[in-house]
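Okay, everyone, thanks for coming.

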Amino acid sequence: MAMRDDGIGFTVDPEDSAELVAWTAQRAAILRDLGAAQQRVAALDAYLASPDAVAARAEVSAAGDALSQARAAATTAQERFDSADAEAHRFEANEVAAAVAAVDAATLVVSQALAELLREASNSAALTATVDGLALRERYRAAIAVDPPHWDHTTIPFPTGPADIIDPELALPAVGDADQIRLLSILDRLDERVDAVADLVTAESVHQLVQGNPARSGGSLAVAAQGRVPDEFDVIRTPRPGYDVTHRLLALVDPGRPAPWTVPWPGPSARLDPVTATWVARLLPDPAHVAVLVRLVMPEVPGPPPEPGPIESGPPGGESGPPGQDDDGEPDPRVPVDMALSEVDLDPFGWIRVAANPAELELRLADAGQRRWRAVHGEPPPEGRIVVEPVSPVPGGVQLADLLAAARAAGAATTAARALDPQDLVHPAAADATPPSAAAVEVVAERVRAVEAWLDQLVESLESPPAEVPALLELLLQAASAGVAEAVPASTDPELLLAAAGAAVARLRPRRAASPFTADPANPTGSLVRARSRAEELAGFRLPMPAAFVSPLDATATADLAAGANRLSGSGRSSVRAWLLDHARVRPATRTFLATLDLAETLGAAERLEPRVTQLPTRTVDTWAGATPAPRAGAVSLVVQASFGNQVPATVAGLVLDTWSQPVPAEGHDTGVAFHYDQPDAAPPQTLLVAVHPDPSPDRPAHTWDLDTLLDVVTATFALARDRATAAELCTVAGVEVPDA
Amino acid sequence: MPDLSLRPVSTASTPESREEALSAPVRDPLWLLARQWQTRGFVADDAGSPIQVRLGAATAPLWMDGPVTAIEPLVEAEPRPRIDDLDLGRLVELASDLGRRLVDAGVATARTALAAAFPFAPTDAGLRIQPFVRRIPDPRPLYHTLVAALGVRGDSGTMPAIPGLPPGSAAGVEGACRAWLGWLADAVVGTGADPAPAAWDPERLEYRFRLTARLPQATTALPADEYDGSGIEWYTFDRADLDPSTGSGEQPAAVEVHPVPVTYPGMPRPRFWELEDGDVNLDTLAGTDAAHAVLVSFAHQYANDWFLVPLAVPAGVTVIARLTVTDTFGTTTEVPAVAAVDGGRGPWRMWELTSTDPDPAAGAGMRLLVPPSPAPLAGPSIEDVLVVRDELANLAWLVERTTRDGDGEPVDRYQRYLRLRPPTDPAFDAGGRAAERLRYRLGTALPDYWYPLMSATGDGGRPLLRLAEVPPEAIGVGDEGVRGRIVPHDPGTAIADEEALREGLHLTRQDRLVTGGRAVVVWRARVKAPGFGEGSSGLRYDILEQ
């Protein structure tokens, strides 16, 4: 079946049924879809009729109602707000205005009350009256610029009479009043002072300018332009004529002199700088003669502990006295034993270090106390705790605290010092002194290399720490001797020890060098400087590290420094000591040196204050610069602490403890008087005039020049000169033209 | 084409011709003469050139109870202290010196006997002094004993008996003790020392003194009313009370000297063809600031009219009595002083003494040249004190930053306060107290080194700032033994209100040393300098805190 258009309408052609079949199938499909949709409608209707859906729809409806109500409420609120706003505006316009007026009235009352209270305004320490002086001066100058002065609000409102009150708040005196005249005098002085400051700033600027300091010249003006006055003025300073002499305070030592006490295992600092260590050892009491008590504190001690054992054994030496014994003849563990501080095994630098580090001191004392206990009792301490009491068993003996005080003082003295160089023993104007020999520098370098090797070994040991506590503690104490405070553990707990080892390695590792230190034989001075720098890295603090050198002192100066020499006038021992004490008040390093020697002498150390004096350049007859108000110009005074015996050895070393210049004033001022004199502007001619007599006749007698002729020649010459200066375009006379250039 | 004209053009209209005009070329002799004529080099307008000067200068030495050779030690020095007032450190120095004198005398063993007879046993010795306790003799009783027997200088009387001296040591001990006393006589006094210098004004915290000078025409007083201790200069002094009736009348002898022109770097040369110093070119700076403009203006107008004559003068007040110039024609001209020409327009003039008299004209031209003592060697500050305004607390404060303890060691008072302040100080543990209840305090605690200065009124209504007491409860840290001395802690101590400016005051004490009339002069001086601005103690009243 098919459909065809025959002009009237569509005609179904039954023979063409394929399309009909397709249509029928399509309809059936649509009907199926319709059925499914109807089923879904029925399901949805059923769902909508369910209680949940009904409730939901009720909620939606309620929400819609609430929304409507809220909108209505918002509208009402807006209306109320508008109403309140209008009310507020009305209130502001009327009520608030009244309230402000009331507050103003109240404020006035309070102000009046405060004014009454503060009438004694001077009772306040606060700055209440600050006057802009420059503004006041401007007003004053404006007032006196006219005659008679004009006093009003634009200037200063002085009333013309008592009844003429210009400003009731200012109770200024009337014109002509005594107070007003006094005020004018003060204002005059103000004007003068401001003027003086202006002149001064300008003068300073000009002064700096002609001195060749244009930067400072501009600086003064720049400061003044900011309304401030510069702090320093050179132009008003009176030059102080005079000259300088130089004073040097030295400690001269014999590098070959043995130390008064030594330790078997000196630390790195003492190995790097044995000269200074020896000198410090002379400043400290011998630790072998300083003792402490080692006491065992038991957890429960029955009864009071007995008194210390026999102490009548005299001053404790390296061998301590016998301990107390119990009834069985065995050492009584309750009796404290005495221990010489030499058993702590600290070198001089070590004592300086522990004097500033109580933790390390305590650890070392405890360690030494344990050893001492074992040595006395033959066995480790029993249960309990070893306590080291810093009390000397000898009445009046040197105490641990005394040794530490001496160490602190010696540390201060060496910290302020530097190594003595040969140049310090010669006059600056003399030829350069011979530097330390290459061999002497190599000795220093060898010390540096030895400590480098020691440090390498220590770091490697700490990087793989031993398990045994004593061995690890020993390593940590070695690290502490290199100035590593972190190496000191709080206790001997193994974990803490390991942590301290780690910290010590972290501090020590950067001090290691890639290659050992080497000295340059061709440059001993430079090598010494590098060695000192490397030693500071290794030791953890600055060491003077003086090198030994052949004394550059001449025979006279060497004789001056011998014991008992008194060649220089005024260089007696008591005079030099008094001079040192005077300078100690203004030279901290000198004061430290003297305080150290005071302590050393009082505690029985080896060093004594023995200042000897020489003066460079040496003269046969001379007065020491410290003993005369007018010392020789250019003199260099050497005050030497003799730490070498009676005679200056051929090879010396030492420390420069202090050095300064002493200005010596002249007797008067070399000044000048400048005056203005209007000298003539005329100056001699720049040209030599060679005149020839105008009469060329050979008959003219010689020497016939007369004044008129001479004047004519000069006048004519000047006429020519004036003509020479006439501009080209103004010159009417044709002349000789020659090339100009 | 080259310019064939020998003559210059009259006007320089192009840059090239301007440059040519300024280049000052040297040509023929007539050209040189012409240039010199054009620059007025041949005008005989003034007198002859000065060739000789007769100069009469009178110098009067300075006088203050005697001739003055060095002013600073004379004025600034605190009086010698009593030996009983010395700090322990200084006592140790004295005892050590005596010990060394005994060693010099060969009686070293006598030190033990002296230490036993006069034991040095202070109860408040610090760490530095402790090692000396009972090991050296105490200089105080020893000094008093020796002075009573041998006199202040140890040059009279007989040696007192000292128990325990080793046999045969008496002569050596006596010699050492006499020498020790002789040395001490210049350092300490036995009794009656005033702690402040005589010239010190405790209210104004500065020196106030007066010198005199007797000139030919008059004797003048030289008051120094506001010397701050920073170094004496001519401007420290004024002049006053000029009394012509007391002049010496001695006319100074005139000296004949040759003047030389004043020169300075960059100065223009007066002659046309003279080459100037190329290092300094003032003209390039003329427009930069006033000083350059002044200098360039002076240089261009007056450079060749100023002359200089040398004059060596001793220290004192100098007046140029007469200056007569003789020129090349033999004409003599009297040159008056600037001060005499200008008259007394004002009291202040640069480098001259300012007059405090009603008529400044009399005595004008008076200059003071201080004794040429060099800048002293100065030690560290012994005491460092601030006076500050505290607008919040409505007070002024005396803040003692550094003082000395009994050992003579410097004490940083701030660090000391932090170390010693009581645990009740809220700053100790602010977090730990947060849980506590609120409590009321009358006021916050004060650091012990902040001393309040309350306003007060002195004689004649002078406003003062009076040192006030603080209740001990408000401090918590005691200041015994470390109090400062510049502003004494005595009842009634007050300073002038106007001295405590807004920038505050900075007061220091220090030892100074110069080489002066004797070999060495050492003294203890005080210096007043501007402070560092206002400060706040943090003091608050009526507070609630946790």
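So, the largest nonpolar core has 122 residues, and those touching the most other members are A:Leu284, A:Leu403, A:Ala406, A:Leu476, A:Ala479 and A:Ala504. By nonpolar core I mean a set of buried Ala, Val, Leu, Ile, Met, Phe, Trp, Tyr and Cys residues joined through C-beta atoms within 7 Å. Buried is 20 or more other C-beta atoms within 10 Å of a residue's own, exposed is 12 or fewer, partly exposed is in between, and the C-beta atoms are placed from the backbone. Helix H10 of chain A, residues 400-415, gives the most to this core, with nine residues. There's also a second, separate core of 45 residues, which includes B:Ile232, B:Phe307, B:Val317 and B:Leu368.

Quick housekeeping: this is a predicted model, where local features need pLDDT of at least 70 and side-chain atom pairs count only at pLDDT 80 or more, while totals for chains, interfaces and linings use all residues. Residues are numbered from 1 along each chain as its sequence is written, and chains are lettered from A and ligands numbered from 1 in the order in which they are written.

Helices (H or I, at least four residues) and strands (E, at least two) are DSSP runs, numbered from the N terminus. Now, strand E9 of chain A, residues 611-616: six of its six residues are buried, so the strand is largely enclosed by the rest of the structure. A:Pro611, A:Val613 and A:Gln615 point one way, and A:Arg612, A:Thr614 and A:Leu616 the other. Strands pair here if DSSP finds at least two bridges between them; E9(A) has six to E10(A), residues 636-643, running antiparallel. A:Leu616 has A:Val636 as its bridge partner.

How many residues of chain B are in contact with chain A? It's 114, against 94 residues of chain A, with contact meaning C-beta atoms, placed from the backbone, within 7 Å. The chain B side has 71 nonpolar, 21 polar and 22 charged residues. Strands cross-pair too: nine bridges join E12(A), residues 668-676, to E9(B), residues 306-314, antiparallel, with A:His676 opposite B:Trp306.

Last stop, E10(B), residues 316-327. Ten bridges join this strand to E1(B), residues 50-60, antiparallel, and B:Arg54 partners B:Thr324. B:Thr324 also has B:Glu334 in E11(B) as a bridge partner. In the hairpin of E10(B) and E11(B), four residues sit between the strands, and B:Gly330 takes a positive phi near 85°.

Methods: Contact = placed C-beta atoms within 7 Å. Nonpolar A, V, L, I, M, F, W, Y, C, P; charged D, E, K, R; others polar.
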